[in-house]
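Open the model in your viewer and keep the selection panel at hand. This tour goes one stop at a time.

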Amino acid sequence: MVRRMPNIEIKPCPFCGGVATLSKVTNGFMHDPVTITNAYRVWCEQCHIYTKSYESKIWQDKYGVVQIEANGAMDAIDAWNRRCGQNV
């Protein structure tokens with residue numbers, strides 16, 4: 001499944017200039033505590049190069065408050081958008 005995040009720029013492919021897309025590559029769910037884990041990567045629709053997978057972890061604490069431990073979608077986009085010589 002391919003999803004695009006609104007208002008988040010994904011730069012063109014650094015190799016071929018093609019359109020890049022954010023893609024969810026795995027799903028996970030645990031019951032105790034309620035935890036959702038997903039892995040994302042960004043890939044080029046033209047030359048098919050892609051980032052490694054970055055995991056999201058969202059869970060609900062004992063008070064019912066949603067906690068975001070990692071945002072794999074944003075991590076994948078940040079990795080894709082980083083260019084050689086750019087400060088990290």
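This is a predicted model: local features need pLDDT of at least 70, side-chain atom pairs count only at pLDDT 80 or more; totals for chains, interfaces and linings use all residues.

Residues are numbered from 1 along each chain as its sequence is written, and side-chain values use heavy atoms, with hydrogens and water left out.

**Stop 1: the helix and its cover**

Select residues 72-81, which form helix α1. Helices (H or I, at least four residues) and strands (E, at least two) are DSSP runs, numbered from the N terminus. Buried means under 20% relative accessible area, exposed over 50%, and partly exposed in between (1.4 Å probe, protein chains only). Seven of the ten residues of α1 are buried, so the helix is largely enclosed by the rest of the structure. Colour them: Gly72, Ala73, Ala76, Ile77, Ala79, Trp80 and Asn81.

**Stop 2: the two ends of the selection**

Go to the start of α1. There, a side-chain oxygen of Asn71 comes within 3.3 Å of the backbone nitrogen of Ala73. This is a polar contact (a pair of N or O atoms within 3.5 Å; within protein, one must be able to donate a hydrogen and the other to accept it, and residues adjacent in sequence count only if both atoms are side-chain atoms).

Next, pick Asn81, also in α1. Asn81 is buried, at 13% relative accessible area. Its side chain reaches the backbone nitrogen of Lys11 at 2.8 Å. Leaving aside neighbours within four places in sequence, Asn81 is in contact (heavy atoms within 4.5 Å) with Glu9, Ile10, Lys11 and Gln86.

**Stop 3: the core**

Select Cys13, Ala20, Leu22, Tyr40, Val42, Cys44, Tyr54, Ala73, Ala76, Ile77, Ala79 and Trp80. These twelve residues make up the largest nonpolar core. β1, β2 and α1 each supply at least two of its residues. α1 gives the most, with five. A nonpolar core is a set of buried Ala, Val, Leu, Ile, Met, Phe, Trp, Tyr and Cys residues joined through side-chain atoms within 4.5 Å.

**Stop 4: the cysteines**

Show Cys13, buried at 5%. Its closest cysteine sulfur, in Cys47, is 3.7 Å away, too far for a bond. Finish at Cys44, buried at 0%. The closest cysteine sulfur to that of Cys44 is in Cys16, at 3.5 Å, also too far for a bond.

Note on methods. A disulfide is a pair of cysteine sulfur atoms within 2.5 Å.
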